[in-house]
Structures are given as structure tokens and as C-alpha cells.
Amino acid sequence: MNFLEVLAIIIPAALYSAAPLIFTALGGIFSERSGVVNIGLEGLMMFGAFTGIVSTLLLQDSLGAWAPWVAIVIAAVVCAVFSLIHAVASITLKADQTVSGVALNFLAAGLSIFLIKKIFGKGQTDFIQFRIDKVSIPGLSDIPVIGKILFSNVPITSYIAIALAFAVWYIIYKTPFGLRLRSVGEHPMAADTMGIKVVRMRYVGVMISGMLAGIGGAVYATSIATNFAAGTIAGQGFLAIAAMIFGKWHPIGALGAAMFFGLAQSLSITGAQIPVIQDIPSVLLTIAPYVLTILALTGFVGRAEAPKALGVPYEKGRR
Amino acid sequence: MNKLVKNERVMMILIPVVSAILGLIAGAVIMLLGGYDPMLGYQSLFDGMFGTPKAIGETIRAMTPLALAGIAVAFAYKTGLFNIGVEGQLLVGWLASVWVGYAFDLPAVIHIPLAVLAAAAAGAVWAFIPGFLKAKFHVHEVIVSIMMNYIALYTTSSLIRTYLYAGNEKSYDIKESASLASSFLAQLTDNSRLHYGILITIAAAIVMWFILNKTAKGFELRAVGFNQHASQYAGINVGRNIVLSMAISGAFAGLAGAMEGLGTFQYMGTFTAFTGTGFDGIAVALLGANSAIGILLASFFFGGLQTAAPQMNFMTGVPSELIQIVIALIIFFVASSYLIRWVLGRAGKGGAK
């Protein structure tokens, strides 16, 4: 097996498993840039996967292959609303943001399985008939060498995720909205003095994070898992948080980190086919993202600085 | 009433109680919406918690790791640290206890303490890392702990597969000389899996109270929790206290793992997902208002809910995940105590007129 053939296995697989991480990590950026810690991404992703699968199952008879796409949109809306619980608790009621996020994870795990049992009478759903398929992009996939590596056998959602990362970069760094969002996360009192509605911006940040995490979960469910059960989302959300931090709260950084984590994940699965990598114990590849995140935070891989006001509830008039 | 609300001590008891009641009421509403009978549901739930001697035994058994996890969370919290890594520390503690329990041949008097201490040491080492990184590099302990959780999850299952694998997704059983199982306690409770771990748990609760409230070191730890800068100014070594607090917290979490390894299960599985006990510890600590007695009561309550959930499901068809929802809501209510304070404050003012 030559090097290019190896790449043709690894890269599509990495793009495949990275997409849900990219969506969710981008969501995390909106919330944390506005100053609200969102440990609840895991639960939001879980609820997104749940909504995605249930909607697909309900819609697939009438909509056919479009069902998963509509389901992803539904999941986005539902999770934006679901994230309001975290927003109300941590912004309005000034609950500890980490605790509230943990509670959201509990709630999503309990509620989704409760509803699955109620609707389907068993602990997991059926498999969906139509999934988001891997496609080869016509034209581009015929390009010699890179066509086979970059544009074959990848679900479209992966390209949407990558494009979105650049869009988010533009929104956060080049628009007034992005500037306001960052300012309430860095120095809410200064922002308030300038007439920016701190509470409203934070609500928006959390709801966008809910929306994107919902999309991430639904994409995972409709392209990778294809059904929903208790273990469908196991750590994907936390991995996305890791990607966000490893990417230093920057959309493009998060994109790179998520792709890298996707690579590590896919290597631990596809690695058995590939020389050299098959000799590395798969556990090392599985824990690599987490170890690297710790190293990144510590400053060994370039120091990651969180938004200044992250985790601090804003109280008017308090210095 | 108004006076009561202003009294912090009363609020410390009132908020968890009100939250637990609100959580149970919300659970009843969910049962109603789901088309179940809430009265019947709760009746079978409380029956499963303490209706029979066996139920009580199982409730206390389930409470032991929960209480230790709660103590771990609360101890770190008193120093201003949020130890969300209890789950990972519990897993490495579990593995250490099972390894010592399996690999050595010793008389029980030495074997049990050795296995228990190994678990505590493993948990302490695992928690030392986020503590050290916080003290030395000012890295937030929450993120490092979460990452350490996953490292623990995958590493322990890989280590079991490589060195301790008995087949069927589990490790070898521990030797009888390391077991906390008690035929006396089992007989007392109609063959439940209740084991001597409950004594360790109660001792741990006392140790936590004693260290924090009766020693100079505990005073330092709490001072750092109240105000790091003031503590620094007063000559307290903040960094060292952070590391120490995390390590002690991790030791408690490791003990929680030993409860599972040496008590309930006598082996460790090759997990692919978290046990959840470590995260439940956060709920326990919150509901118990971070006090030793509160944690014991809260863990009894949550432990009972969790052991009784399957019976409720069996008797009334209510999915056992209802319990997880109720616990989640209780955490929300306690964490949002702002709201409860406000409502109680309003009620107090209305009453005073």
C-alpha cells in the first residue's frame, strides 16, 4: 500500500468523523465568546441526535432521501429552544454555569431515552432508511491525486461544516454583531456602558450554540450512527469542547482541531489497515485528543487564553 | 418568615429541601404528561427505596459510592475548585483496588486496607494533575479534569484488556481476602449486596468534616476558597493548597471506586462509557449543600431513587430514566437558588405585612 492510497483512506474518514465536532465546536465558540461556559454541549448534541433520528423516522415515508436534511433543521430549532434552559439558569438566575451545563447533560440523557421508550416502547430506535450519504463530487473527484483524497467518499455535511467555520470567522471578527458578542465576553461592564445589551447578547450566544450543537448531533446521528440509543453520543460533545479550546476559541483554530481529532478518531478505527499505524496501540490514538488539549492549555502547544469574563455572571452596577 | 429567609443556616437547609420537592413535583407532571399514574409511580418508587429490608440494604449500598463522590466534589468546592473529574478518579481508583485485590495474596487485615489505600492513592494522583496544572500554569481545572476523565476511561479499559482480562468484558475477580462483602450485613438485609464500605463512607464524611473544620490546614483550604488574593496576602501558599485540595478530593473519589471494586462488583468492567457516579457526585454535593451530613442524606436519597427506578419501571411501566430527569431538575433548582430565595423573600415580605 503506497502513501497516497493510505491518504485516500485516512482523509475521507477524518472528514467524515470531524463534521459533527466542527459544528458543535463552532457552537461552543458563540456561547463561550459571549462569556457563558457551555459544558452542556454534550447534552445538546445528544438531544440533537435524538431529534434528528426521530424526525427522520417520522418523515422518511413522505420525504424520502430529503428526510435527514429536514431532520437536521428541526434538530437545530429544537436544540436552540432546549438550550434556553441553560441560558435562563446561568444568565438570568445566575446559577453556576458549569453546574447548569452538567444538569443539562443529565436532563438531555434522561429525557431523550425517556421519550424513546415512550414513543417506540424500547430502549433504542429503528435504523433510519435514508442517511446522509457519502458522495464523490462530480468533476472535483476526477482531479488526479487530490480528487481521490479530498473529494471522494465524503458526506456533503463535512464540506458544509468547513464552509461554516469560515462564515463563523467572518461573523465573529468582521461584523458588528461579532464585536458585541466578544465584548460582552471580555468586559461586560464596558460593553454595557457602551449600550450593548449584555444579557440579550449572552442569550443569543447560548441559543446559537444550542442550534449548532443540535446540528452537530443530528449530523452525527444521520450520517454515522443511523439510530439513537443511550450510547449514541458518548463524549462527542466533550470532544468538541476540547476542539474549541485546542483551537483557542477561534473558529478556524477549532476547525483545525476538530479535523485533527476526527483524524485521531478515524485512525483508531481504520488504523488496523494501515502499516506503521497498526503497530501503535489504538488506546494511544483514542486518548491523543485529550492529552493534546491538556498540553495546549498548559502552554506546551501555544497557550490558549479563554475570554476574560468566561464563567462570570453579569450583575449590573457591580465592579 | 422574613427573619428565617435572612438566616443563611436556615436557607442552607431550606433550598435543598424545596428543590427536591420541586424536582419530585416536576417528575409527577412528566409522569402525568406521559400518561402514567404519578401516585402509583411514586408509591412503587418509595417502596423500592425502603419498603423491605433488602430495599434498604440496596439503597445504602448504592449510596456508598455516591456519598464518597459527593464528598470529593464538596471538598474541592470548599477550596474554590470544581472537581468535575471525580468520574475519572473513581475509575482509576476502581482499577487500582481491583488490581491489588487480585494480584496479592495477603491476610484480610492487611489486604483490605492495602487495596482501599491503593484506590485512594490512584485517585489522588489522577486529581493531582489538574490541581498542579491549575497551581502552576493557571489552567482551569474543569477542562483538564474532563480530559482526564476520558483518558481514565480509555486507559483503564485498555489496561484491563491487556493485563487483567478474564473474558466477557470484565477483569478477574478480586481475592476473597480483599473483599468488603459482608455475609452479616447481607443476612441483616435479606441478601442485599450491602457491604462494609458504608463504614468507610461514614468515616470519610467525618474525616472531611474534621479536616475542613477542626484543623489549621482546613482553615487554610477554606480561606483559599473564600478569597485567593486575601489568602495570598495573609501568607498562605495558595498554589500548594490548591494541589493538596485536589489530591484529597481525588483520594475520596478513588475510595468511591474501591466501593465498586471491592464491594458491590468485586471486579471491574472494560467500560466504553462512564459509570455516571462521578457526575452524580456533583448533584449529591449540591443537594447536600457541601456539608458532611447533607451529603450523606442526599446520597441516601439519590441512591434510593436509582436503585428503586427499575422496580418502578417494572411495576408501573414508567421508564427508569424519569429518575435521571428528576435529578437533573433538582440540580437546576438548587443551582438557581436565586429564584427560590427571591420567591421565599417575597412570600416573607407578604407575610410580614
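## Transmembrane regions from the record

An unreviewed UniProt entry lists "transmembrane region" for residues 12-36, 56-77, 84-104, 110-130, 142-164, 194-212, 282-302 and 322-344 of chain B, with positions given in the numbering used here, feature names shortened, and annotations that may be inferred rather than shown by experiment. The structure is a predicted model, in which local features need pLDDT of at least 70 and side-chain atom pairs count only at pLDDT 80 or more, while totals for chains, interfaces and linings use all residues. Residues are numbered from 1 along each chain as its sequence is written, and chains are lettered from A and ligands numbered from 1 in the order in which they are written.

Among these spans, residues 110-130 of chain B are 100% helix and 0% strand, with end C-alpha atoms 31 Å apart, helices being DSSP runs of H or I with at least four residues and strands runs of E with at least two, numbered from the N terminus. Residues 282-302 of chain B are 81% helix and 0% strand, and their end C-alpha atoms lie 12 Å apart. For chain A, the spans listed by UniProt in an unreviewed entry include residues 39-60 and 101-120; the latter is 100% helix, with 28 Å between its end C-alpha atoms.

## Helix H9 of chain B

Helix H9 (residues 197-214) of chain B has 18 residues and reaches 25 Å from its first C-alpha to its last, close to the expected 26 Å, which is 1.5 Å times one less than the number of residues. Its buried residues (20 or more other C-beta atoms within 10 Å, the C-beta atoms being placed from the backbone; exposed means 12 or fewer, and partly exposed in between) include B:Gly197, B:Ile200, B:Ala204 and B:Met208. The buried residues of H9(B) fall within an arc of 155° seen down the axis, so they line one face of the helix, the arc being that of the directions from the helix axis to the C-beta atoms. On the other side of H9(B), B:Ala203, B:Ile206, B:Phe210 and B:Lys214 are exposed.

## Where the chains touch

The contact (C-beta atoms, placed from the backbone, within 7 Å) takes 33 residues from chain B and 35 residues from chain A. On the side of chain B that touches chain A, H7(B) gives the largest share, ten residues. Leaving aside its neighbours within four places in sequence, B:Ile331 is in contact with A:Val99, A:Val102, A:Ala103, A:Phe106, B:Ala283 and B:Leu286.

Note on methods. Contact = placed C-beta atoms within 7 Å.
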